[in-house]
Amino acid sequence: MNAAEGRHVKTPGTVVAQVAELLDTAQQSATPVGTATPWPQLDLDEAYASQAALIARRLARGERGVGLKLGFTSEAKMRQMGVDELIVGQLTDGMQAADGAAIDLSALIHPRVEPEVAFLVGADVDLADPDVDLEAAITGVAPGLEIIDSRYDGFQFDLPRVVADNTSAAKFVIGPWHAPDEVDLDDVPVILRAGDEVLAEGTTAAILGHPLRTLPRLVALGRRLGLQLPAGSVVLAGAATEAVPLRPGPVNAEVAGLGTVRAVGVQGSAGPLGEGGGR
Ligand code: OOG
Ligand code: MG
């Protein structure tokens with residue numbers, strides 16, 4: 001063994017761009033990247049560079065950035081996916097669905113749904129400012145549903161792969177907003193249901209002990225990566241429970257005191273709301 005072994009050799013930018021293209025195409029065609037696909041050994045910085053290139057492709061197609069999401073802020077999620085580090089992904093308007101909207105399952109590979117707590121950023125937050133206080137800029141708290149859809153076959157990935165894949169982000173839905181000082185986020189129950197059937201249960205304490213604790217972590221990561229949090233941005237703090245497969249039919253997440261957010265899985269292209277959405 002020599003000292004160079006185990007040290008990461010920088011991956012060329014063209015390879016990083018190719019990874020972004022591969023994952024972007026996988027998402028657009030709802031076709032997973034197979035485990036046999038040759039894959040460069042990206043380190044975490046390169047994986048975030050690839051994520052940035054992936055988002056740049058979506059923005060070039062006319063999508064707009066609307067916020068950031070955290071991943072693996074709960075033990076339940078880390079255990080389920082076999083990873084142990086908090087990660088950040090980016091949200092666009094193309095991923096957002098209205099509360100109660102139909103989610104077209106045929107446009108997704110193997111979607112899973114998870115309950116989230118969402119924050120609304122009410123003012124431009126300068127992440128370059130070392131004294132920035134993101135919590136002070138939060139003007140709304142809401143229950144959220146995130147639909148994740150790994151572009152890798154079998155949801156199989158390591159940390160750089162899931163980061164390059166924009167943390168499996170696919171769709172998200174935000175429920176009713178509340179003023180932060182009117183809600184209690186301290187260890188309150190979180191329940192994911194399909195109709196009356198409970199799919200998963202947890203508490204907001206599963207999210208780093210308290211969802212607000214995600215904010216300084218997001219600031220630190222966002223600063224390192226050069227991300228922006230303009231006024232109006234949404235932040236998803238991370239799932240409080242494991243994710244479960246998204247099936248046809250209604251699904252909802254309830255965060256006690258915050259209310260309920262809903263979506264409906266539909267097979268085939270989503271028709272007008274109510275047509276397959278109402279049952
Ligand atoms: C990655 C996304 C993780 C969360 O809330 O922890 C995430 C995945 O599980 O595929 O969104
Ligand atoms: Mg999530």
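This is a predicted model: local features need pLDDT of at least 70, side-chain atom pairs count only at pLDDT 80 or more; totals for chains, interfaces and linings use all residues.
## The shell around the ligand

Ligand 1 sits in the largest cavity, with 17 residues around it, of which Lys69, Phe72, Lys77, Glu114 and Ser168 come nearest. Sorted by class, this shell is made up of eight nonpolar, four polar and five charged residues.

Several elements of secondary structure contribute to the shell: strand 1 (65-71), helix 3 (75-81), strand 5 (112-121) and strand 6 (138-148) supply at least two residues each. Strand 1 gives the most, with three residues.

## Lys77 and Phe72

Two of the residues that come nearest to ligand 1 are Lys77 and Phe72. Lys77 belongs to helix 3, and its side chain makes a polar contact of 2.7 Å with the side chain of Glu114, another of the residues that come nearest to the ligand. Lys77 counts as buried because its relative accessibility is 5%, which falls under the 20% limit used for that term.

Phe72 is placed in the loop between strand 1 and helix 3, and it has a positive phi of about 60° although it is not a glycine. With a relative accessible area of 7%, Phe72 is likewise buried.

## Thr167, a second residue with positive phi

Thr167 is found in the loop that runs between helix 5 (159-164) and strand 7 (169-174). Its phi is near 55°, a positive value in a residue other than glycine, and at 4% relative accessibility Thr167 counts as buried.

Asp24 lies in helix 1, which spans residues 13-29. The relative accessible area of Asp24 is 0%, and therefore this residue is buried. The side chain of Asp24 makes a polar contact with the side chain of Arg57, at 2.7 Å.

Terms used. Residues are numbered from 1 along each chain as its sequence is written. Chains are lettered from A and ligands numbered from 1 in the order in which they are written. Side-chain values use heavy atoms; hydrogens and water are left out. A residue is near a molecule or strand if one of its heavy atoms lies within 4 Å of it. On a 1 Å grid over the protein atoms alone, a cavity is a set of points where a 1.4 Å probe fits but cannot get out, and a pocket is an open set with protein on both sides within 12 Å along at least five of seven lines; lining residues have an atom within 4 Å of a point. A molecule sits in a cavity or pocket if more than half of its atoms lie within 2 Å of its grid points. Helices (H or I, at least four residues) and strands (E, at least two) are DSSP runs, numbered from the N terminus. Ala, Val, Leu, Ile, Met, Phe, Trp, Tyr, Cys and Pro count as nonpolar, Asp, Glu, Lys and Arg as charged, and the others, Gly among them, as polar. Buried means under 20% relative accessible area, exposed over 50%, partly exposed in between (1.4 Å probe, protein chains only). A polar contact is a pair of N or O atoms within 3.5 Å; within protein, one must be able to donate a hydrogen and the other to accept it, and residues adjacent in sequence count only if both atoms are side-chain atoms.
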